[in-house]
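Me: Could you help me read a structure? I am new to this and would like to go slowly.

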Amino acid sequence: MSTMAEMAQEYRMAAVKIKLKIKQLKEEGAPPNEIQAYQVVLAQLRDTSRLLSGYYDVPRFSENVAVGWKAGKINDR
């Protein structure tokens, strides 16, 4: 079983491969929608890698985390 650090490294390596694929597609003149699909995957891989590499860091923020949530008040009288 992989540790969090090993999994983060695997995600970083996958992100590098996707980045190289994007570069290759741009050089070949691929359609923008195909390149954009790879860019979405790249963003998700990078976000996941950041979350895994800093799993025990507090606080940890991600674009997938809800922002602005507040606990409701209890009004006991």
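Me: Let's start with Ser49: is it buried or exposed, and why?
Reply: Keeping in mind that this is a predicted model, Ser49 counts as buried because its relative accessibility is 6%, and the cut-off for buried is under 20% relative accessible area.

Me: Where is Ser49 found?
Reply: Ser49 belongs to helix α2, which covers residues 32-53.

Me: And which residues is Ser49 in contact with, leaving aside its neighbours within four places in sequence?
Reply: With those neighbours set aside, Ser49 is in contact with Ala8, Tyr11 and Arg12.

Me: OK, stepping back, how many helices and strands does the chain have?
Reply: The chain has two helices and zero strands; α1 takes in residues 4-28, and α2 takes in residues 32-53.

Me: What about Glu6, where is that, and is it buried or partly exposed?
Reply: Glu6 is found in helix α1, and with a relative accessibility of 42% it counts as partly exposed.

Me: How far is Glu6 from Leu52?
Reply: Along the chain Glu6 and Leu52 are 46 residues apart, while their C-alpha atoms are separated by 9.1 Å.

Me: Then the other pair, what are the separations between Gln24 and Ile35?
Reply: Gln24 and Ile35 are 11 residues apart in sequence, and from C-alpha to C-alpha they are 9.8 Å apart in space.

Me: Which helix has Gln24, and is Gln24 buried or partly exposed?
Reply: Gln24 sits in helix α1, and its relative accessible area of 35% makes it partly exposed.

Me: New topic, charge: which residues gather in the patch of positive charge?
Reply: On the surface, Lys19, Lys26, Arg46 and Arg50 gather in a patch of positive charge, and one of them, Lys26, lies in helix α1.

Me: Which helices supply residues of that positive patch?
Reply: Both α1 and α2 do, and each of them supplies at least two residues of the patch.

Me: Now the whole chain: what share of the residues count as buried?
Reply: The chain has 77 residues, and 18% of them count as buried.

Me: What does the accessible surface come to?
Reply: The accessible surface of the chain comes to about 6800 Å², and carbon and sulfur atoms account for 56% of that area.

Me: Last one, what share of the contacts is between residues 24 or more positions apart?
Reply: Taking the contacts in the chain with a separation of 6 or more, 48% of them are between residues 24 or more positions apart.

Technical notes:
Residues numbered from 1 in each chain as written. Predicted model: local features only at pLDDT ≥ 70, side-chain atom pairs only at ≥ 80, totals over all residues. Heavy atoms only, no water. Helix = DSSP H or I, 4+ residues; strand = E, 2+ residues; numbered from the N terminus. Buried < 20%, exposed > 50% of the residue type's maximum accessible area, 1.4 Å probe, protein only. Contact = heavy atoms within 4.5 Å. Patch = residues over 30% accessible without salt bridge, like charges linked within 9 Å, V, L, I, M, F, W, Y side chains within 5 Å. Areas by Shrake-Rupley, 256 points an atom, 1.4 Å probe, with all protein chains shown as cover. Salt bridge = Lys/Arg side-chain N within 4 Å of Asp/Glu carboxyl O. Lys, Arg positive; Asp, Glu negative; His and termini not counted. Charge placed at Lys NZ, Arg CZ, Asp CG, Glu CD.
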